[in-house]
Structures are given as structure tokens and as C-alpha cells.
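Dear colleague,

Please find below the structure that I am handing over to you. My findings follow directly after it.

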Amino acid sequence: MEDMFRLVDCEEMFSKRCIWVNGPVIVGAGPSGLATAACLKEQGVPFMVLERAECIASLWQKRTYDRLKLHLPKHFCQLPNFPFPQHFPQYPSKNQFIDYLQSYARHFDINPRFNQCVQSARYDEISGLWRVKTVATCGSVKNEFEYICRWLVVATGENAECVMPEIEGLGEFKGDVIHACEYKCGERFKGKKVLVVGCGNSGMELSLDLSNHNASPSIVVRSSVHVLPREVFGKSTFELATLMLQWLPLWVVDKILLVLAWLVLGNIDRFGLKRPSEGPLLWKNTKGKTPVLDIGTLEKIRSGDIKVVPAIKRLNEGCVELVNGEKQDVDAVVLATGYRSNVPSWLQEGEFLSENGFPNGWKGNVGVYAVGFTRRGLSGASFDAIKIAGDIGQLWKQETKQKKHRTIACHRRCISQF
Ligand SMILES: Cc1cc2nc3c(=O)[nH]c(=O)nc-3n(C[C@H](O)[C@H](O)[C@H](O)COP(=O)(O)OP(=O)(O)OC[C@H]3O[C@@H](n4cnc5c(N)ncnc54)[C@H](O)[C@@H]3O)c2cc1C
Ligand SMILES: NC(=O)c1ccc[n+]([C@@H]2O[C@H](COP(=O)([O-])OP(=O)(O)OC[C@H]3O[C@@H](n4cnc5c(N)ncnc54)[C@H](OP(=O)(O)O)[C@@H]3O)[C@@H](O)[C@H]2O)c1
């Protein structure tokens with residue numbers, strides 16, 4: 001700790017763009033960052049939330065399509081210490097979820113610093129502090145800041161950046177090409193032949209939306225996919241699986257899910273949707289791939305309104321050539337090819353962070369934490385947030401108790417929210 005104060009005294013560190021933060025810096029003001037901030041409030045720990053966008057929950061507000069609803073029942077999706085309003089339906093719409101998150105931030109008085117894109121975060125061994133560098137954008141003006149803190153909470157999400165695939169001939173293609181994150185509604189594609197690349201939850205639902213808006217979608221399924229009904233006999237499939245996992249081993253639950261899926265959806269293989277050899281839960285755990293929860297796409301595939309096609313060989317000016325040799329005219333391409341984390345580009349840390357994210361869960365060694373990276377969606381984020389706030393809260397109480405016994409002259413710029 002002595003080293004810390006030596007470093008804090010260094011004039012260079014406290015130039016006007018260098019900011020000391022009491023308590024943790026939380027990077028990201030999505031559901032994970034907000035949940036952590038709210039839990040820290042409950043613990044009496046001050047914090048600073050840094051967000052690259054100019055609003056909270058930017059994924060939900062800016063990069064999702066209009067018809068999106070939460071695909072798990074609401075009680076699995078609410079954040080800690082603040083339930084959804086009672087009148088919300090079982091599967092809240094995206095706008096309802098955004099309203100909820102805004103109320104959540106207001107309720108806990110969470111005020112992130114917006115337009116602060118974290119460029120790097122490095123742990124300083126000597127001082128035992130984190131140095132978090134951001135670029136803040138205000139119109140065309142860019143400013144660099146450095147935040148110094150004892151703890152760092154990574155809350156930038158598993159879906160921070162779009163995955164743009166390399167497809168031969170994509171540059172030659174003359175029609176519109178958009179990523180799923182830019183897709184709002186099928187209206188603009190009315191009457192067009194649209195190639196949807198990717199058959200995750202995004203690709204499946206966008207194909208449905210396109211078909212509902214009188215476009216002609218073809219969905220590219222290059223490998224295998226698990227499709228499960230969102231509900232089985234009126235009960236959420238996810239909820240059933242969660243209940244069964246309390247009593248049965250995962251492989252048994254997987255078998256039951258496949259039987260139920262077959263009873264409700266029939267054999268999907270005949271539509272070109274090949275199931276992986278592992279069951280849906282094992283597939284998720286080992287490959288990190290989320291099973292598709294069907295909300296009507298299969299019916300459209302069955303009726304022929306949505307066509308399933310194999311992998312792309314190449315694109316030409318106005319058509320696609322598939323690996324089976326077939327050629328199809330295409331007016332537009334929607335890349336529903338998924339998302340990835342951006343943490344490796346800015347977090348300079350070699351133990352907690354690995355190629356696969358944070359395999360050891362929510363807590364690293366040197367005051368670094370990760371929330372929302374365990375592939376368990378919103379419920380996983382809430383779980384992490386509670387643990388992280390509990391851990392930091394305990395350390396905060398110990399350290400502040402010690403500090404009360406020493407008088408420290410502090411005339412430096414010191415901000416954090418509380
Ligand atoms: C279309 C879609 C639908 C989904 N539906 C569901 C669902 O129904 N249920 C469910 O459980 N999960 C769903 N998910 C997964 C979903 O992403 C999350 O559960 C939830 O948004 C995760 O919250 P998060 O805060 O961890 O990440 P995000 O919501 O992605 O928030 C991360 C925040 O960090 C900010 N950020 C990123 N990089 C930086 C940086 N370098 N500096 C500063 N700020 C940064 C981002 O701008 C963003 O605001 C869906 C995902 C997508 C793409
Ligand atoms: N609430 C909801 O209803 C909802 C809606 C949308 C998304 N989500 C969630 O958001 C997250 C992201 O989902 P997502 O569907 O966007 O991404 P995803 O699950 O990662 O799926 C990406 C898809 O793109 C395919 N793909 C990638 N590159 C390709 C290429 N070059 N050619 C052909 N196919 C290619 C992948 O195929 P391979 O498997 O072969 O790699 C996969 O099918 C998931 O957690 C999902 O559950 C939820």
C-alpha cells in the first residue's frame with residue numbers, strides 16, 4: 001500500500017486528464033455493468049462506470065432489431081434487487097427491457113461517463129493499481145483520459161463486436177450487405193431475395209421477420225445447429241432444463257430435451273438442419289454455442305417460405321454459388337454471423353484472460369473481475385455481479401477501516417460516483 005501512495009504522489013499521474021477513482025472502474029454500461037454498479041451501491045462502495053456509447057445498454061438500444069423479445073422467461077432476466085414491473089409479459093419486448101434498464105439505472109442513481117472508449121487497461125505491479133486509458137469523443141474532438149483505480153470490473157459483454165466473415169466475392173456483390181446488428185425490420189426488403197448467412201438465434205429470427213414482410217429469405221446453414229422449441233406444452237424449455245438439472249445428470253437432460261424437441265418440432269434433419277452429435281446443453285458448454293429457441297421459423301421452413309441452403313462457395317455480382325453447386329439470385333445479404341468480445345484488444349492481462357474469455361469465472365488475481373462472460377446470458381451476469389460486489393465490498397470495508405487510522409493529505413482530483 002505504501003507504494004500506492006508513492007505512485008499517487010507522482011505529479012505526472014495527476015495531470016488534468018489523469019483521474020483517481022475511489023473504488024472500482026466498471027467498463028461497460030450494459031446489463032452486466034449496471035447490475036454490478038447497483039450491487040456495489042448496496043455495499044456502500046463508490047465506483048465509476050465508463051461506457052463507449054452515449055447511452056446505457058447500447059447493444060439493446062442501437063444494435064438490435066425491432067421485433068426482438070427476451071427469449072427466456074422474465075424471472076431469469078431481471079437484474080439484482082429490482083424486479084420487472086408486474087405488468088410485463090412473460091417474454092418482455094426489447095423496448096420494455098430497455099425501459100426497465102433505464103429505470104434500473106435511475107433507481108440506483110447510476111450515472112456512467114459516456115463516450116469513453118477504453119483503449120487499454122494495465123495493472124501496475126509497483127503501485128498495485130489499475131491504469132485504464134480511454135479516448136473520449138465529443139463531436140469531432142477526441143480527448144485521452146487515464147483512470148487510476150484499485151479494482152477493475154470488465155463488463156463489455158460477449159457480443160461487443162460484430163463478426164464479419166470472409167466470403168469470396170463479397171466485395172463484388174452489388175446488392176445491400178448488412179450485419180444483423182444493423183437490421184431493424186424486414187420492411188425495406190419487401191419483394192427481395194435475401195440471403196441470411198448464419199443460423200443462430202439472430203439468423204433464424206431475421207429470416208422469419210423477412211418472410212413476414214414478404215421478402216424471400218434463404219438461410220445459410222453451413223454446419224450443424226440445435227433447434228429447440230421455446231416452450232414445451234406451455235412451459236419454458238429453458239426452465240424445464242434448469243429444473244431437471246437439479247436432479248439429473250446433464251447427459252440425461254440433453255436426451256430428454258432432444259425427445260421433447262422431436263415431439264414438438266419433428267425431425268428437423270429433413271429440412272437441412274443437421275443436429276450436432278453432442279446434446280444441446282453439452283454443445284453450449286463445450287462449444288459455447290447457444291441452441292436456437294424456435295419462435296416460428298421452423299413453420300416457415302416447413303412451408304417453404306424460408307429456404308435452407310448449405311455453405312456459400314462464393315458470391316458474384318447478383319448471385320450466390322453454394323457448395324452443392326447450386327446458384328441462386330440474391331438482392332441483399334444479411335450477415336447473421338454473430339459477435340465476439342473485444343476484451344483481448346484492450347485488457348493487458350495474461351492470467352485471468354485467455355483465448356476463450358475468462359474460463360475461471362468472475363474473479364482474477366490482481367483486483368480484476370469479469371461480469372457476464374460465462375455464456376449464461378442475463379441470469380449469469382446477475383450472478384457474477386452479486387459475487388463481485390460482495391468481494392469488493394469486503395475488501396473496501398477492510399481498506400477503508402485501515403485508512404481511518406492514518407491521515408492522508410489528498411488535494412488531488414478524485415472522482416467516483418456515490
Ligand atoms: C440480438 C441479441 C439478443 C439477445 N437476447 C438475449 C436474451 O433474450 N437473454 C439473454 O440472457 N441474453 C441475450 N443476449 C445476450 C446479451 O448480449 C446479453 O445477455 C446482455 O446484453 C449482456 O449484457 P452485458 O452488459 O454483459 O453486455 P452488453 O449488453 O453487450 O453491454 C456491454 C457494454 O459495454 C460497452 N463497451 C464495449 N466495449 C467497450 C469499451 N472498450 N469501452 C467502454 N465501453 C465498452 C458497450 O458499448 C455496451 O454498452 C442477446 C444478444 C443479442 C446480440
Ligand atoms: N433474445 C433472442 O431471441 C435472441 C435473438 C438473437 C440472438 N440472441 C443471442 O445473441 C447471441 C448471438 O447470436 P447470433 O445468432 O447473432 O450469433 P451466433 O449464435 O454466434 O451464430 C452465428 C451463426 O453464424 C454462422 N456463421 C458464421 N460465419 C459464417 C460463414 N462464413 N458462413 C456461414 N455461416 C456462418 C455460424 O455457423 P457455425 O455454427 O457453423 O459457426 C452460426 O450459425 C447468442 O447468445 C444468442 O442466443 C438472442
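The shell around ligand 2 takes at least three residues from domain 1 (7-160 + 341-416) and at least three from domain 2 (163-339). Please bear in mind that this is a predicted model. The shell comprises 26 residues, of which Pro165, Gly198, Gly200, Ser202 and Gly338 come nearest to ligand 2. Helix α5 (residues 201-212) contributes the most to this shell, with 4 residues. By class, the shell around ligand 2 holds 12 nonpolar, 11 polar and 3 charged residues.

Ligand 1 is surrounded by 35 residues, and Gly28, Gly30, Gly157, Gly372 and Gly377 are the closest. At least two residues of its shell come from each of α2 (31-43), α3 (58-62), β4 (116-124) and α11 (377-404). The shell around ligand 1 consists of 19 nonpolar, 14 polar and 2 charged residues.

As to the domains themselves, the assignment divides the protein into domain 1 (7-160 + 341-416) and domain 2 (163-339). Their centres, taken over C-alpha atoms, are separated by 32 Å. Where the two meet, 10 residues of domain 1 are in contact with 15 residues of domain 2. On the domain 1 side, the touching residues are 4 nonpolar, 2 polar and 4 charged.

Finally, I looked at one residue of helix α4 (residues 94-107), namely isoleucine 98. Is isoleucine 98 buried, exposed or partly exposed? It counts as partly exposed because 17 C-beta neighbours lie inside 10 Å, whereas a buried residue would need 20 or more and an exposed one 12 or fewer. Not counting residues up to four places away in sequence, isoleucine 98 touches Ala57, Trp60 and Gln61. With glutamine 61, the separation is 37 residues in sequence and 6.9 Å in space, C-alpha to C-alpha.

Yours sincerely

Notes. Residues are numbered from 1 along each chain as its sequence is written. Chains are lettered from A and ligands numbered from 1 in the order in which they are written. This is a predicted model: local features need pLDDT of at least 70, side-chain atom pairs count only at pLDDT 80 or more; totals for chains, interfaces and linings use all residues. A residue is near a molecule or strand if its C-beta atom, placed from the backbone, lies within 6 Å of it. Ala, Val, Leu, Ile, Met, Phe, Trp, Tyr, Cys and Pro count as nonpolar, Asp, Glu, Lys and Arg as charged, and the others, Gly among them, as polar. Domain bounds come from an automatic or database domain assignment. Two residues are in contact if their C-beta atoms, placed from the backbone, lie within 7 Å.
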